[in-house]
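I opened the model to look at one strand and its neighbours, then at charged pairs. My notes follow.

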Amino acid sequence: MELPNHEEAYETKYDLMNCEAEPLHQIRYIQDHVVLIACTLTDRIITNVTANAATVFSKATEDILGVSIDCLLPQDALSIIDKGLARAHFGRINPIHAIIEQQAYNLVAHTHEDLLIIEVEPRVEEASGWQQLAQIDEAIQRMQGKNEVEELLQVTVDEVRAITGYDRVMLYCFDEDYNGQVVTESKIDDLEAFKGLHYPASDIPKQARDLYFLNKTRIVTDVQGSPSRILPSHHPLTRQPLNLTYVNSRGVSPIHIEYLMNMGVRATMSVAIIVEKRLWGLIACHHYTSGKFIDFRVRRTVGFLGQILSGYVSLQLIQRFRNSELSTNLKKSQLIEQLNRSWDMVQGLLHGDISADQLFDSIGVAMLLNEEWHTKGETPNIVELMELVEWLRQQNITTHFATHELSAIYPAAQAFKGKASGILAIQIAKSSNDCLIWFRPEESYTVEWGGRPEKVVVETEAGMRVSPRKSFAKWSQQVDGKAKPWSDADIQTALSMRNDILDFVFQKYDELKRVNEELQESYKELESFSYTISHDLRSPLRGIDGFAEILSEDYEDQLDDYGKSLLKIIQDNTQKMNMLIDDILKLSRLGKAHLAVSHIEIYPMLQDIISDLLVNEDEKRDITINISADLPDIEGDRTMIYQLFQNLLSNAIKYTRKAEKAKIDIYSETANLRGFARFFVADNGIGIEPRYQAKIFEVFSRLVTENEFEGTGIGLSIVKKIVQSHKGDINMKSEVGKGSTFITELPIAP
């Protein structure tokens with residue numbers, strides 16, 4: 001038997017190396033059990049007919065073309081066709097019973113692209129018998145009696161085989177990439193089992209899958225049959241190839257015929273299972289010993305069973321989704337409540353009674369917030385996380401990113417695929433790298449394929465083309481580097497979580513804004529109060545100091561030793577009060593001052609400060625002050641920076657007075673500080689007790705009594721405020737009896 005080759009099958013040339021380019025709906029042939037007729041809707045003149053027309057009408061093809069269909073079909077059939085045309089569809093009318101040349105036929109009609117297309121196919125009278133109807137009714141009842149999907153699938157294939165008589169009936173289910181798996185089957189005993197075998201997506205290419213949405217049932221009666229050519233094979237008006245999308249008996253792709261022959265299959269039927277607008281699977285029927293024709297009414301019944309199955313699977317998926325959604329929403333609500341209660345994102349999402357890693361089936365979660373990592377569960381290390389986020393940033397992600405095979409697109413993930421073969425990431429803020437990432441581990445498993453899934457390329461007279469595989473022997477493949485896929489529900493939950501986090505951030509921002517406004521108002525009042533009080537205290541202090549001075553000059557010889565000591569106390573306290581007022585005014589002015597930024601050479605500034613401070617020190621003191629020669633220049637307000645270092649060095653000189661050999665070191669570092677320099681002022685003075693270290697920068701915080709060391713307790717508060725106004729940072733480390741080191745970060749001059 002001679003079958004049409006790839007060149008003959010289509011008018012349109014296509015890439016033989018690309019199965020998805022094959023125009024299946026434009027094939028020139030019809031299977032040999034059917035005669036196809038096409039006529040225009042306006043004048044009903046026959047424009048196309050298959051070359052085998054004489055097997056039904058006892059007329060040559062050339063005698064049929066150009067005549068009215070009213071002259072070809074019986075009147076009772078034409079009347080029913082007219083009803084279908086009036087309704088604009090034939091869904092409830094097909095098949096139309098017609099007696100032609102004393103033989104019974106089914107006419108299957110539809111309209112497409114301004115043509116009426118009729119398939120004339122054999123009619124099997126037994127298909128409408130009571131026994132057949134009872135069998136179908138029993139099948140439906142058995143299917144409806146199953147509560148579990150697995151049981152329902154098995155009953156479905158059993159009943160379809162009983163109704164149709166195929167040697168094998170399988171339920172073929174697609175994954176997210178349209179690779180297929182035989183999940184269950186019903187077969188005659190001497191056939192090899194296919195259950196559990198996988199088949200690549202290329203076995204049913206995209207355009208073939210798309211056709212199932214438009215025509216859910218497909219039958220191939222005999223791969224060894226002689227298909228009949230459509231004459232002519234083009235549309236009478238458009239001159240384009242005739243569109244056979246809705247033709248049940250359209251010819252079979254030469255590639256698919258070769259595939260079925262290699263598989264040893266003689267006849268097939270398949271019914272699409274559509275779930276949520278996606279091709280979920282197929283009821284696939286195979287017959288091996290001979291060709292097999294199934295009456296249209298039985299095919300429709302099997303299609304109806306497929307619709308029942310589609311509805312049941314949809315219901316089960318919806319039920320599972322609803323249960324999962326309820327559980328997930330409950331966890332999400334607990335997380336958000338916890339977040340709002342703690343008012344801290346890290347605590348609320350990672351360290352409460354419920355944590356973000358419990359939201360999904362994941363082993364860990366990592367959160368990047370303000371350039372700091374926080375993790376829970378099993379995650380890659382910090383360096384790996386930083387590199388991963390940089391890679392994600394390069395992907396231009398706007399809201400989320402999800403994959404279950406990370407190492408396939410990000411090779412560096414091979415190092416931690418045991419923890420993170422799957423990631424689901426949400427971006428918290430567009431203006432930063434802040435994000436939340438869930439991780440799923442690698443799940444290694446073995447896939448049993450029905451033959452090696454790789455495409456085979458062969459050379460023909462027309463050139464190189466893809467060929468279906470010739471062996472379907474079981475072939476095992478070890479799959480690594482993949483995690484459990486993230487479902488659409490997982491992704492939607494993550495996006496919903498992102499929105500909740502953003503709401504929290506905006507709520508927190510509004511609250512902080514309100515508190516900040518209140519603090520600013522209070523601070524202004526406090527500054528005004530401090531300035532006013534300090535200013536008003538000057539007048540009485542001047543009076544006290546003046547009268548004390550008069551007493552000292554005019555009446556000191558009349559005072560006894562006790563009176564003189566009291567007068568000395570008054571004068572000393574007046575000086576201390578003046579110092580306190582000066583410091584309060586300095587602190588107050590810092591809040592009102594605007595930075596006059598300029599380039600500052602730190603080294604000569606420190607030399608000037610030290611010279612001024614040592615003037616008032618005892619000349620007998622053994623004190624060494626080392627200034628590193630490579631201190632970087634900075635950018636800041638000169639007056640403020642002078643005051644900052646003056647306060648730090650003044651403290652260092654003061655608190656080393658008890659040291660036998662006082663030593664003060666000033667040095668810096670700039671590595672990895674992103675435009676800032678870190679300045680160290682280290683001394684070997686008395687040190688600071690741990691209980692005081694946390695409050696050292698607070699106003700009026702003193703380390704020792706006034707009797708031991710002079711001071712107001714405001715100097716370090718001034719230092720901190722100056723550092724903050726320069727967007728820097730300050731901290732310290734100290735040990736009692738060994739000294740203290742103050743560490744200040746300030747912006748480097750460009």
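The model is a predicted one.

**Entry 1: the hairpin.** I started with the hairpin of E28 and E29, which has three residues between the strands. Gly 737 takes a positive phi there, near 85°. Strand E28 covers residues 729–735 and runs antiparallel to E29, with seven bridges joining them.

Entry 2: Next I checked strand E27, residues 676–683. E27 also pairs with E29 in the antiparallel sense, over seven bridges.

**Entry 3: burial of E29.** Is strand E29 buried or exposed? Nine of its nine residues, 739–747, are buried, so the strand is largely enclosed by the rest of the structure. The cut-off I used for buried is under 20% relative accessible area. I then sorted the side chains by direction. In a regular strand they alternate between the two faces of the sheet. Gly 739, Thr 741, Ile 743, Glu 745 and Pro 747 point one way from E29. Ser 740, Phe 742, Thr 744 and Leu 746 point the other way. All of them are buried.

**Entry 4: helix H19.** I moved to H19, residues 715–725. Its buried residues are Leu 716, Ser 717, Ile 718, Val 719, Ile 722 and Val 723. Lys 727 follows the helix and has a positive phi, near 60°.

**Entry 5: salt bridges.** How many salt bridges are there? I get a count of 18. Lys 484 and Asp 361 meet in one of them, at 3.3 Å from N to O. Lys 484 sits in the loop between strand E22 and helix H14, and Asp 361 in the loop between helix H10 and strand E14, so the pair ties together parts that are 123 residues apart in sequence. Lys 484 is partly exposed at 37% relative accessibility, and Asp 361 is partly exposed at 47%.

I also looked at Arg 393 and Glu 390, whose side chains meet at 2.4 Å, N to O. Both lie in helix H11, three residues apart, about one turn of the helix. Arg 393 is partly exposed at 44%, and Glu 390 is partly exposed at 32%.

Lys 417 bridges to Glu 442, with the closest N and O atoms 3.4 Å apart. Lys 417 lies in helix H13 and Glu 442 in the loop between strands E18 and E19, so this pair ties together parts 25 residues apart in sequence. Last, I noted a network: salt bridges that share partners join Arg 44, Asp 70 and Asp 82.

Key:
Residues are numbered from 1 along each chain as its sequence is written. This is a predicted model: local features need pLDDT of at least 70, side-chain atom pairs count only at pLDDT 80 or more; totals for chains, interfaces and linings use all residues. Side-chain values use heavy atoms; hydrogens and water are left out. Buried means under 20% relative accessible area, exposed over 50%, partly exposed in between (1.4 Å probe, protein chains only). Helices (H or I, at least four residues) and strands (E, at least two) are DSSP runs, numbered from the N terminus. Two strands pair if DSSP finds at least two bridges between them. A salt bridge is a side-chain nitrogen of Lys or Arg within 4 Å of a carboxyl oxygen of Asp or Glu.
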